[in-house]
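Visitor: I'd like a close look at just one part of this model, please. Pick a single piece and walk me through what surrounds it, bit by bit.

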Amino acid sequence: MRIFDPHIHMTSRTTDDYERMAAAGVRAVVEPSFWLGQPRTSAASFTDYFDSLIGWEPFRAGQFGVRHFATVALNPKEANDPRCRPVLDLLPRYLDKDAVVAVGEIGYDSMTPEEDEAFAAQLALAVAHDLPALVHTPHRDKARGCERTLAVVAESGIDPGRVVVDHLNEVTVKLVRDSGCWLGFSIYPDTKMTPSRMVGLLREYGTERMLVNSAADWGRSDPLLTRATGEAMSQAGFSDDDIDRVLWRNPVEFYGQSGRLDLSDLEDPAAVDPQTGNSILRGGS
Amino acid sequence: MTPDSLRTALRGVPDPDWLDTALRRVATEPTEITRLFPAAGRRCGRGALPDAPGWTADDAARVLLLTALPADHAAYADTLYRHGDAAERRAVLRALPLLPIGAAGVPLLHDAIRTNDTRLVAAALGPYARHLDAAAWRQAVLKCVFSGVPLAAVADLDARADGELAAMLAALAAERHAAGRELPADATDLLDRLTAALPREA
């Protein structure tokens, strides 16, 4: 089972996690920039964090044979702090980097006017830099947050096929599916989504545009829940090809739209699109 | 390695026109380098260059972009390093000996040697490390041994290695032996060469 975790905060994880992930089949990850639990108080604090996402963390991942990519943005929580807003002006230089494969996490936390502004401005940056966007949905008031998210996405003019709306559940899945956006599911030990519930959603809605991530971070979370979801799919009768689509080919296709998803050092004969016979690993580059 | 030989070695890259255009652009509109520099890996590839041993296409292209600047090389090297990802930083470090900047790039070497990223530590110990003072250079060589960077990365190694470095290597060897571990073979060889040579110097 080859696994691409499209959303995991490796900065908060240990080398033990990298070892266990690699052993479980995780060969590539995307680390979205987000908040760190402790609120930051200046833009400079963000640049050190972003530099780590495109410097030290990929080096750390590489020691375990895991390819590491990132998404960069001012997250919705900290968009509300005027001391952090200057981060928006620093983003363009990061959006030119090889390993930055999307703008994210953007979206809503408490649905404030400040979040509205930062969200719209960063969707515009995604369009200007020809990058996909990773959109976080709020944990409170999620259904209305999701509706408002999709309205802002539609208004921005970005192609919905270049947007993933993340942290979905049974209540929000249909709305996002109908929008044409990709659907992200964060499998957590017992909150956002579980492997067995995920299998139910895949049965009901199919595997197209479905992305499964662990969203593991500094909170209670588990970087192997992608693997557990693959195993739950297998037990429920999904084929190896279905599992490979959800856990590998879908994230490769989504982030490949950046033109920057260079997985050439992981390439193997199995990594060929069964429909076209072409290598699917290089994205658009 | 000279800019001309890198230029020749880059002839076979996937998009040679992009590089030609980028180099002309940088010569006339130097600020453009801030967007061209990060894009070089995507446009020229990252593979090894057969005609330039030890060089990859992205490193070589970025070094050429820096040498194509008409002026202010030190300031651009500083900014591109500080705003760069690890690959861009490595390319800046490798460009330093080819730029007309004297010792102005030394703070970048210190920054790279402070990291634990072995790609950066190795790149900091190329020919430009002649500007490092002896104490910093010895510590950096020892860091290579400690973190498994092959000593082949260190320019002028035998010419510069001295009794103090030999003493530091011997102490590390003793520490390793006490723990039932060995020094890497290239470090043992260096220590052997130094201890063979030193009594005659004394």
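Guide: Start with one pair of residues: Thr71(A) stands opposite Ala102(A) in β4(A). Before going on, bear in mind that this is a predicted model, where local features need pLDDT of at least 70, side-chain atom pairs count only at pLDDT 80 or more, and totals for chains, interfaces and linings use all residues. Residues are numbered from 1 along each chain as its sequence is written, while chains are lettered from A and ligands numbered from 1 in the order in which they are written.

Now the strand itself. Strands are DSSP runs of E with at least two residues, helices are runs of H or I with at least four, and both are numbered from the N terminus.

What sits on either side? β3(A), residues 67–72, is joined to β4(A) by 3 bridges, and the two run parallel. Another 3 bridges join β4(A) to β5(A), residues 133–136, again in parallel. There, Ile106(A) has Val135(A) in β5(A) as its bridge partner. Two strands count as paired if DSSP finds at least two bridges between them.

Step out by one more strand and you reach β2(A), residues 26–32, which pairs with β3(A) in the parallel sense over 5 bridges. Val30(A) stands opposite Phe69(A) in β3(A). Put together, 8 strands of chain A form an open sheet with parallel pairing, in the order β1-β2-β3-β4-β5-β6-β7-β8. Its edge strands are β1 (3–5) and β8 (210–213) of chain A, each pairing on one side only. On average, neighbouring strands of this sheet are turned by 25° against each other, direction ignored.

Then come the helices. α6(A), residues 113–128, lies across β4 and β5 of chain A and runs at about 165° to β4(A). α7(A), residues 142–156, lies across β4, β5 and β6 (163–165) of chain A, at about 170° to β6(A). Those angles run from 0 to 180 degrees between N-to-C directions, using axes fitted to C-alpha atoms, for helices over the stretch in contact. Contact, in turn, is two residues with their C-beta atoms, placed from the backbone, within 7 Å.
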